[in-house]
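Thanks for making the time this morning.

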Amino acid sequence: MNIFLVLTFSGVALGAIYFLAASGLSLIYGLMDVLNFAHGLFMTLGAYAGYEIATRLPTSLGAPTLVILAIIGATLFGGLAAGVTELILIRPLYGKPISQILITIGLDLAVVGLLMGGFGSTALQIPVPLWLVEPTHLGGLFLPNANFLAIGAGVIVLIGLELFLALTRYGIIIRAGVENREMVRALGIDVGRAFTLVFVIGGAMAGLGGILYTIVFSGDLVSPNQGDSLLIFAFIVVVIGGLGSIRGSAVAALTVGLLQQYTSFYIGGHSGWAQIGDLSTVLLLAVVLELRPRGLFGRVA
Amino acid sequence: MTNAVEISDLHVTIAGSHVLQGVSFSVPTGGVTALLGRNGVGKTTTLRAILGLVASSGRIQVLGDEVAGWPTHRIVRLGIGYVPEDRDVFSALTVEQNLRLAESGSGAKYDEVFSLFPELQQRGRQRAGTLSGGQQQMLSIARALLNNRPLLLIDEPSKGLAPKIVSEFAGVLERAAQHSTVLLVEQNLSVVKRLAQRIVVLDHGEVVHHGEVTDLDDPTLVRQLLGVAGAA
């Protein structure tokens with residue numbers, strides 16, 4: 001029972017990171033029909049920005065301050081990178097889905113190559129405070145502290161996004177645009193600004209997800225391809241949750257995170273079949289697509 | 001300025017189909033001009049071309065500005081209220097949020113809109129997707145009337161609605177036309193006769209007739225132009 005609870009806790013933390021990666025991807029596709037294959041790159045760039053901040057600032061600031069600054073920096077840099085990408089590369093290509101896919105894949109390959117050239121292809125270690133690698137003893141369980149960080153970030157982002165989308169004018173424009181972009185324009189609203197904003201928000205969440213994945217699940221190691229491997233799961237979450245739905249992404253991310261943890265341990269642990277966790281998410285995707293082709297929270301046309 | 005809209009030699013091709021083939025007409029400032037024609041002749045496409053929602057070639061002047069090639073939001077900000085054919089309310093948003101999106105500047109006339117459609121005020125927190133067809137049309141018209149718009153483009157407001165509701169909407173549009181120029185696409189000839197002063201008839205992507213609404217009193221002309229009996 002204890003193992004099950006620890007796995008659940010870990011699955012929720014993994015789900016939180018998938019949510020950070022997937023919600024931006026989902027909004028970007030929902031509003032703009034852009035399949036952004038550079039989203040994984042924003043996660044990687046966030047992690048590297050965090051690494052640079054944590055290793056270049058004076059250690060006299062203390063490890064807790066450095067890791068907080070690294071997380072903030074990763075979030076901001078992810079948003080900045082995504083905003084610049086939208087303005088320079090995506091904006092001239094609206095309405096050209098194939099070109100968008102090609103240019104985002106090309107951008108990802110090129111920048112990952114540059115990262116390998118600049119930082120090397122081996123993983124780099126981010127210094128983190130001891131507290132983050134220690135567990136908390138709670139009700140007879142030893143729960144990894146880093147998982148609290150991921151879950152906390154996921155919950156704050158979910159609540160923040162929901163409030164933003166429900167209460168602010170730009171949030172309402174984004175929701176309306178996901179439903180009917182043309183009619184938003186016909187009300188005299190410049191949807192292009194909302195497009196940039198959604199890219200910035202999505203990129204910021206990806207940057208945050210990238211650095212948290214490094215701290216929580218990757219042994220504090222940053223590597224050039226980490227975002228690309230996360231992107232696959234982010235796409236799975238987006239499709240299961242329903243394109244354009246934040247709540248759908250949250251539920252799907254949690255489901256995928258938990259399923260991956262349970263199957264990896266209970267099936268993979270006994271059989272030695274390490275990839276069963278990944279395979280189980282693809283099987284879940286197939287089942288959901290068979291039963292609900294628009295995903296759990298997808299709109300009916 | 002004598003014309004609110006001037007269109008000349010307007011061409012639109014959609015998916016290989018040459019929908020508008022050199023449409024030219026003007027909408028004088030003030031009153032209601034009805035754009036008529038059989039199904040599929042390009043009436044809705046003409047409104048969408050004016051708004052920049054479809055790619056077109058030719059000359060389009062709206063409220064004194066040449067707007068060909070402008071983005072839609074810039075054209076609309078000249079002072080256009082638009083009621084689309086299928087209402088296009090945002091179903092996931094509440095009635096209040098739908099209206100809030102339509103606000104332009106600080107002069108939103110909520111009092112006036114709610115006096116026209118009190119039901120919208122009562123249903124402010126209801127999701128637009130759960131409204132009836134008539135209520136959705138109220139919301140769509142309310143969005144267009146919320147701001148002081150000198151030009152209203154209204155596409156088939158009576159479509160799919162009961163006669164009583166159609167008559168109610170006609171009354172609302174009649175009042176709106178006292179302050180704004182209206183370009184109305186409408187199949188219901190009794191509504192056209194009640195509201196419009198001028199008519200423009202399209203067929204096969206071209207203007208085949210323009211004149212006064214009294215032309216619709218000629219059954220032979222109506223049958224010839226619109227393919228329907230003229231005793232509406």
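Let me begin with terms: two strands are said to pair if DSSP finds at least two bridges between them, and the helices (H or I, at least four residues) and strands (E, at least two) that I name are DSSP runs, numbered from the N terminus. What you are looking at is a predicted model, in which local features need pLDDT of at least 70 and side-chain atom pairs count only at pLDDT 80 or more, while totals for chains, interfaces and linings use all residues. Residues are numbered from 1 along each chain as its sequence is written, and chains are lettered from A and ligands numbered from 1 in the order in which they are written.

With that settled, please find strand β9 of chain B, residues 198–203, and strand β10 of chain B, residues 206–212, which pair in the antiparallel sense over 6 bridges. Within this pair, B:V200 lies opposite B:H210 of β10(B). The hairpin that these two strands form has 2 residues between the strands, and there B:H204 adopts a positive phi near 50°.

Now let us step back to the sheet around that hairpin. It is an open sheet of 6 strands, with mixed pairing, and in chain B the order reads β6-β7-β8-β3-β9-β10. Why does one side of β6 (80–83) and of β10 in chain B lack a neighbour in the sheet? Both stand at the edges, each with a single partner strand, so one side of each is left without a neighbour. From one strand to the next, the twist averages 15°, where axes are lines fitted to C-alpha atoms, for helices over the stretch in contact, and angles run from 0 to 180 degrees between N-to-C directions.

Elsewhere in this sheet, strand β3 (residues 32–36) and strand β8 (residues 181–185) of chain B pair in the parallel sense over 4 bridges, and B:L35 has B:V185 in β8(B) as its bridge partner. Helix α6 of chain B, residues 133–145, packs on the sheet and touches β6 and β7 (151–155) of chain B, its direction making about 175° with that of β6(B); two residues count as being in contact if their C-beta atoms, placed from the backbone, lie within 7 Å.

Chain B also holds an open sheet of 4 strands, in the order β2-β1-β4-β5, with antiparallel pairing. Here β2 (17–28) and β5 (65–66) of chain B are at the edges, and since each has a single partner strand, one side of each is left without a neighbour in the sheet. Strand β4 of chain B, residues 57–62, is joined to β5(B) by 2 bridges and the two run antiparallel, with B:E66 in β5(B) as the bridge partner of B:Q61. Helix α1 of chain B, residues 43–50, lies across β1 (3–14), β2 and β4 of chain B and runs at about 70° to β2(B).

For 232 residues a compact globule would have a radius of gyration near 17 Å, and chain B, at 17 Å, agrees; the radius is taken over C-alpha atoms, and the globule rule is 2.2 Å times the number of residues to the power 0.38. Chain A, with 301 residues, has 19 Å, in agreement with the value near 19 Å for a compact globule.

A residue is called buried if 20 or more other C-beta atoms lie within 10 Å of its own, exposed if 12 or fewer, and partly exposed in between, with C-beta atoms placed from the backbone. By that count, 45% of the 232 residues of chain B are buried, and in chain A buried residues make up 49% of the 301. As an individual case, A:G113 sits in helix α4 (residues 97–119) of chain A, and A:G113 is exposed because 11 other C-beta atoms lie within 10 Å.

Finally, how many residues does each chain bring to the contact? Chain B gives 19 residues and chain A gives 14 residues. In chain B, α2 (72–76) and α3 (95–102) each supply at least two residues of the side that touches chain A, and α3(B) gives the most, with 4 residues.

As for confidence, the predictor gives the complex an ipTM of 0.92 and a pTM of 0.85.
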